[in-house]
Amino acid sequence: MSGVAHDVKPVTERTLFGHPIGIANLFGVELWERFSFYGMLTILGYYLYYTATDGGLGMAKSTATGIVGAYGGLVYLSTVLGAWVADRLLGSERTVFYGGVVVMAGHIALAVLPGLPGVGVGLVLVALGSGGLKANASSLLGTLYDKDDPRADGGFTLFYLGINLGAFAGPLITGLLQDHVGFHYGFGAAAIGMAIGLTQYVIFRKNLGAHGRDVPNPLPRTAIPKVVAAFAAILVVVAIAWATRLVTLSNLPDATTFVIVVASIAYFAIMLTSEKVTPIERTRVRAYMPLFVANAVFWSLFQQIFTVLAVYSDERMNWSIFGWTAPSSWIGSMEPVWIIALSPLFAIMWTRLGMRSPSTPRKFSLGVIGMGAAFLLFTLFSGSHGKSVSFVIVFFILGAFAVSELMLSPIGLSVTTKLAPNAFRAQMMALYFFSVGIGTSMSGVLSKFYDPSHELVYFGVAGLVAMAVGAIVWTIAPWISRHMEGVH
């Protein structure tokens, strides 16, 4: 061998549409996870409140929609467990894989186990698995970009396209299966979707390289007994709350909201007092707080697609298409159509604008204001009765949902990774999902107040409150930007 060095060539980054190649793998696994999740979620409420003759469990409608909201909130609450497992035990990359396996097992349980036991086992498994997969897929994507990489917002928007391709296809397939052969076949299709996602993840795993393989804050062996005791204590508290009827199916969304709010406050306190967080990182965490609240308000309206608007679709919308009646659950596929169409345009816009784009707080405020305005549009039909609202009109209202979502959600994912303290990267992403979880469980709480005879008040008040919150964020945006310490 000669003495010529072999490491002088610069390493060329493999890219896809100008983004790190690993985005393709994460795009695929999140697409199929969302296919399974939303495919199941859009028929879950109907399964709970339809009568036995229609294949359902015959629950009260308000209880059923409350459970759907609470379940969604618990999915996001479980992201803290998934983030902890990634930070302390497995690393993000392996947690994504094992989370997908647990999700698939949950959908299988929903498909094969009858009645409430099947719902209980299935939803617990899907919630735990999604918690592991969701926080870590987004966090893992964040590691593909440097903190000051202007491609990050565009990358997260493309990632969001994958989420919405899955969210679009899932309800279409499960809705048709539910209508023609029964609910359990719809749940089975969700399990198959997750299996496809896991298969492609394993095949293309090498694209991620070493990203997400390290365990940032390994759990010492001496701490294992304490962790086991803590998990056992949580299980005992849950069992007691259920046995004493402190928590019931009817108040589950209220209890879920309360737990996530308390957990969020605790998480902020831990980050702000931790010795592992630098002063600049602490300032960034404070700047994140108003965005956290705005995000929760946004999702409390948006997630009503699966609670209030699912009932609205079933009772108030005319789904006739050239004489054929489409499944009511197809409302779950409407908004993703807009996201799929608009995501590339937003990705190009943010990338081209670069540092000239509106600041993150401004984007958040516009997203919340837009969401409130979209909700107000439903008041236009409050005087009508029966299935008189055309699905075409609702499709365009949900287009306003989509524009608002693109102003806020992918930007929220991106800014969370940028503002995250190094020692709490995956757990900061879990905190982002806590805000979504509060909004999702609140969609279940709010659904109890919906009644077709009071639509003007319901949609009007909710829309105006959201617009007011957005206006407050706009007003304090300069303060937030200053405390983000250099993050645009």
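At roughly what angle do the axes of α4 and helix α5 (residues 115–143) cross, and within how many Å do they come?

Modeller: First, the ground rules. This is a predicted model, so local features need pLDDT of at least 70 and side-chain atom pairs count only at pLDDT 80 or more, while totals for chains, interfaces and linings use all residues. Residues are numbered from 1 along each chain as its sequence is written, and side-chain values use heavy atoms, with hydrogens and water left out.

Now your pair. The axes of α4 and α5 come within 7 Å and cross at roughly 155°. Axes here are lines fitted to C-alpha atoms, for helices over the stretch in contact, with angles from 0 to 180 degrees between N-to-C directions. Helices are DSSP runs (H or I, at least four residues), numbered from the N terminus. The crossing angle therefore makes α4 roughly antiparallel to α5 (the term is for angles over 145 degrees). The crossing is left-handed: the near helix is turned anticlockwise from the far one by less than a right angle. The residues of this contact divide into 14 nonpolar, 13 polar and one charged. Ala, Val, Leu, Ile, Met, Phe, Trp, Tyr, Cys and Pro count as nonpolar; Asp, Glu, Lys and Arg as charged; the others, Gly among them, as polar.

Helix α4 (residues 92–112) also packs on helix α7 (residues 183–203), with axes that come within 8 Å and cross at roughly 160°. That makes α4 roughly antiparallel to α7. Here too, α4 passes α7 in a left-handed crossing.

Who touches whom? On the α4 side, the contact residues include Phe97, Gly100, Met104, His107 and Ala111. They belong to a set that meets residues of α7, among them His184, Phe187, Gly188, Met194, Leu198 and Tyr201. Contact means heavy atoms within 4.5 Å. The residues of the contact of α4 with α7 divide into 16 nonpolar, four polar and one charged.

Leaving aside neighbours within four places in sequence, the contacts of Tyr312 include Met317, Phe378, Val394 and Phe459.

Notes
Helices (H or I, at least four residues) and strands (E, at least two) are DSSP runs, numbered from the N terminus. Angles under 35 degrees count as roughly parallel, over 145 as roughly antiparallel, 65 to 115 as roughly perpendicular and the rest as oblique.
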